[in-house]
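User: I have a structure open and want a quick walk through it. Can you start with the terms as we need them?

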Amino acid sequence: MLDIKYIREHPEEVKRGAQRKRIDIDIDHLLAVDSNRRTVLNEVEALRAKKNSASARIAGLTGADKQNAIIEMKETAAREKEQSVALKEIEEELQALMLRVPMPPADDIPDGGENDYTVLRTWGEPRKFDFEPLDHVELAERLDLFDLARGAKVAGSRFYYLRNEGALLHWAVCRYAVDQLTAKGFTPMTVPVLVKREAMVGTGYFPGGEDQAYKIPEDELFLVGTAEVPLCAFHADEILEEEELPKLYAGYSSCFRREAGTYGKDTRGIYRIHQFDKVEQVVICQNDVQTSINFQEQLQQNAEEIVQALGLPHRVIVGAAGDIGQGQVKKYDIETWMPSRTGYGETHSCSRFYDFQARRLNLRYRTKDGEIKFCHTLNNTAIASPRILIPILENYQQADGSVVVPEVLRPYMGGMDVIRKK
RNA sequence: GGAGAGAUGGCCGAGUGGUCGAAGGCGCACGCCUGGAGAGCGUGUAGGGUGCAAGCCCUCGCGAGUUCGAAUCUCGCUCUCUCCGCCA
């Protein structure tokens, strides 16, 4: 959410930001509703002030004077009530509009849509095979690492079981990522994966993303698509002290995504699935643009270090304005080389939001001078698995169908160095 | 799932229809005092909206209602605690 004052004072900038993000929103209408709200608010407040002073007077009156004052008061009370109802309706309309206004994207990101990203840097060389490489599905079948058919039988398409070294590898990458972050001062956390609507709205997924989230109507809860949601909402409605910032959280959670509208896309293997596990980095910091920028670089570096330690070729791209989320200012993705795609596939996503989420979450802090401000929030993937198993299996495969375990994962695999057919 | 108790400011806690955004205490901050510290004394100490400002308005878990007037009365909901049942 943006500051309504900012929208009043910089309407053109906000409109331009929405255009770059390709989000259709009528800012002039919003400002008209805002202006109307203030007019009606003034009337309501004047009536309430009248009511309050009359009420104090009545308390000191007796007999006929009191009765007359009460009769007069009745009329004021009725008018106040009527106007209050009107005010409430206007405020609800305004709030609904405010939730739709996008954060203007950074100036230094490209315009355009999904395919208009810029490549920032590339690390590693795609591996050249001197044999016919298998894709992760074939590798996993031979080594008995996944069971996709039974996943579909039990839960439907885009579900799976991990087995044997497949399961172990999955836990190994997750645990490796947690340990790397913990060493950097992040607090390891598990989180609720079912959350209330407010957490989804607070982080900016709702309104708009309802069709991508699993819902539990009976309990009015939603399955999260990322630990970002419960981690950012962790301090919702709180006022933190500046001294305790930044908050660095490493959240581990299962993630659930309906993937509505992707029928027929990425149907092979475990690339696009409804449920996966992810270690997520979340930062809650001071309300300062440069601080946010610095943390985004830091989160990005943390992720790149992990992918590099795993020895996986990858590149970093900057998402174009029309492709990034409503609340995001700037987004980096890491795309990791996946031989079966003969291309790079997204494995990480790093965003900064300034105070967009914090305003929705009512997440604030008290500065050393006693001023109360909204925090800034950022997040980035540390590892998302099993998707990351695709490049690991495919890049580390050998001619005999076995797969070498990346060195950094071996301590988490009981020292195993190669996954072989049983 | 069943029965009961409760929800007030950073914390404890008073307040059962009017002058209560709220006594008192603790904590915290500042000042006085002191060689210094402590004790003691004094002052201050929620968030939000609106306005140039003075001020005005809102908030006593949340929502609705009764009333001229609600922290106080009524209804619904949420959460916490105790007991029973069930369970990893």
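Analyst: Contact means heavy atoms within 4.5 Å. This is a predicted model, where local features need pLDDT of at least 70, side-chain atom pairs count only at pLDDT 80 or more, and totals for chains, interfaces and linings use all residues. Residues are numbered from 1 along each chain as its sequence is written, chains are lettered from A and ligands numbered from 1 in the order in which they are written, and side-chain values use heavy atoms, with hydrogens and water left out.

User: Good. What does Thr367 touch, leaving aside neighbours within four places in sequence?

Analyst: Thr367 is in contact with Glu242 and Lys373, once those neighbours are set aside. Thr367 sits in the loop between strand E14 (364-366) and strand E15 (372-374). Helices (H or I, at least four residues) and strands (E, at least two) are DSSP runs, numbered from the N terminus.

User: Is Thr367 buried or exposed?

Analyst: Buried, at a relative accessible area of 9%. Buried means under 20% relative accessible area, exposed over 50%, partly exposed in between (1.4 Å probe, protein chains only).

User: And where is Asp355?

Analyst: Asp355 is in the loop between strand E13 (343-352) and helix H11 (356-361). Asp355 is buried too, with a relative accessible area of 11%. Not counting residues up to four places away in sequence, Asp355 touches Met1, Met103, Asn287, Phe374, Cys375 and His376.

User: Zoom out. How many helices and strands are in chain A?

Analyst: Twelve helices and 18 strands. The C-alpha trace spans about 100 × 45 × 45 Å along its principal axes. Chain A has 422 residues, and 51% of them are buried. Of the contacts with a separation of 6 or more, 74% link residues 24 or more positions apart.

User: Pick one. What does Lys15 pair with?

Analyst: Lys15 and Asp28 form a salt bridge, 3.0 Å from N to O. Lys15 lies in helix H2 and Asp28 in helix H3, so the pair ties together parts that are 13 residues apart in sequence. Asp28 is partly exposed, with a relative accessible area of 45%.

User: And Asp111, what is its partner?

Analyst: Arg20, with the closest N and O atoms 2.5 Å apart. Asp111 is in the loop between H4 and E1 and Arg20 is in helix H2, so this pair ties together parts that are 91 residues apart in sequence. Arg20 counts as buried, at 10% relative accessibility.

User: What about Lys330?

Analyst: Lys330 forms a salt bridge with Asp108, where the closest N and O atoms are 3.0 Å apart. Lys330 lies in strand E12 (residues 330-338) and Asp108 in the loop between H4 and E1, so the pair ties together parts that are 222 residues apart in sequence. Lys330 is buried, with a relative accessible area of 9%. Asp108 is exposed, at 52%.

User: Where is Arg22, and what is its phi?

Analyst: Arg22 has a positive phi of about 60° and is not a glycine either. Arg22 lies in the loop between helix H2 (11-20) and helix H3 (27-59). Arg22 is exposed, with a relative accessible area of 57%. Most residues other than glycine have a negative phi, and most peptide bonds are trans.

User: Then which peptide bonds are cis?

Analyst: Phe206 to Pro207 is cis, with omega near -10°. Leu245 to Pro246 is cis as well, with omega near -5°. Pro207 is in the loop between helix H8 (197-202) and strand E6 (215-216). Pro246 is in the loop between strand E8 (239-241) and strand E9 (247-256).

Technical notes: A salt bridge is a side-chain nitrogen of Lys or Arg within 4 Å of a carboxyl oxygen of Asp or Glu.
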